Amino acid sequence: MSRSALVGNVTAMLEDAGFTVSDRCAIRPKSFDIAARRGEDLLLVKILGNVDAFNQATGHEMRRLGTYLEATPLVVGLRSRDEDLKPDVVYFRHGVPVFSPDTAYNLFIEAVPPLIYAAPGGLYVNIDGDLLADERKGREWSLGQLANELGVSRRTVSKYEDGMNASIEVAMALEDIFDAPLTSPVDVLEGTDDVREAESPPEEPDADPDDEEVVAVLTRAGYRVHPTLRSPFKAVSQDEADDEDVVLTGHSQFTKAAEKRARIMSSIGEVTHTQSVYVVDRAKRDAVDGTALVERSELEKLDDAAELRKVIRERAEREEAL
């Protein structure tokens, strides 16, 4: 299957699941392919045939964007090396959850989350430690008795009851012993920090030297500016006084490529519930599909975030009225 067809299939699946999906980020380089929202759940999705192409730089940028936009970064892919990704298994690459289209279908369409995750050493599951302790005590077994049944140490059983995860073989043995489900699903949308690879928080990159002046103006106006390297926008800017006021920011000469980026920014903004602005040297129009165009000289005169919000809103409204 071509990558384009795979992106189309995943997009259609998410739409069937009730997500609003952005236009595809058909530019390079790009950290994610689509943004998708269903209620409070916001996803940034990278779609790959071979997930080995997902590198550290992209993973770190997706994690940073997930923090800025309160979104879950994830990768949907078909295979790793020469093997298909196993169904209902969550893998982790550079701290980002990775799974197959079948797993995505089960999660988003069937509302059946995966139970298994891959980590160094094999496949593991989450054990419900409280339930395990209740089952053991209900049989009036000691930690040592259960340890003997499993062929592990008493200390290991104690760790299972304290929340340590177990191999699939141990989990199956426990469920056979107690004839009860003792596993809990991997929460892909929340809580994957507990099982992700041991990755240090990604550091924020420096702004492109060409963008330093724009960053300085936005900072003076009261924004925290988070530069990006692999996104359709140059930065995510947050109002210092209101973290929920987020602006996707672009900057370049206004060329056909810039117009394409501005359109993608608008589509992403609709899904992420953010505004977007593109800073240019000269603008012959007010906006591109909701992304306000602001000349550099105009931006330098803005004193605070409220003024920028007003400019973005008014220009988007004027374009819509045309």
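**View 1. Aspartate 52 and its arginine partner.** In this predicted model, aspartate 52 has a relative accessibility of 34%, so it counts as partly exposed. Its side chain meets that of arginine 93 in a salt bridge, with 3.1 Å from N to O. Aspartate 52 sits in the loop between β3 (41–50) and α2 (56–69), while arginine 93 belongs to strand β6 (residues 89–93), so the pair ties together parts that are 41 residues apart in sequence. Arginine 93 is partly exposed too, at 23%.

**View 2. Arginine 3 reaches a buried aspartate.** Here arginine 3 and aspartate 33 form a salt bridge, and their closest N and O atoms are 2.8 Å apart. Arginine 3 is in helix α1 and aspartate 33 is in the loop between β1 (20–21) and β2 (34–38), so this pair links parts 30 residues apart in sequence. How accessible is aspartate 33, buried or exposed? With 0% relative accessibility, aspartate 33 counts as buried, whereas arginine 3, at 26%, is partly exposed.

View 3. Glutamate 259 and arginine 263 are both in helix α9 (residues 256–272), four residues apart, or about one turn of the helix. Salt bridges with shared partners join Glu259, Arg263, Arg285 and Asp289 into one network. The side chains of glutamate 259 and arginine 263 come within 2.8 Å, N to O.

**View 4. Helix α1 packs against helix α3.** The axes of α1 (residues 3–16) and α3 (residues 101–108) are 10 Å apart, at an angle of about 10 degrees, so the two helices are roughly parallel. Leu6, Met13 and Leu14 of α1 meet Pro101, Ala104, Tyr105 and Phe108 of α3. This contact has seven nonpolar residues, with no polar or charged ones.

How values were computed: Residues numbered from 1 in each chain as written. Predicted model: local features only at pLDDT ≥ 70, side-chain atom pairs only at ≥ 80, totals over all residues. Heavy atoms only, no water. Axes fitted to C-alpha atoms, helices over the stretch in contact; angles between N-to-C directions. Parallel < 35°, antiparallel > 145°, perpendicular 65-115°, else oblique. Contact = heavy atoms within 4.5 Å. Nonpolar A, V, L, I, M, F, W, Y, C, P; charged D, E, K, R; others polar. Salt bridge = Lys/Arg side-chain N within 4 Å of Asp/Glu carboxyl O. Buried < 20%, exposed > 50% of the residue type's maximum accessible area, 1.4 Å probe, protein only.
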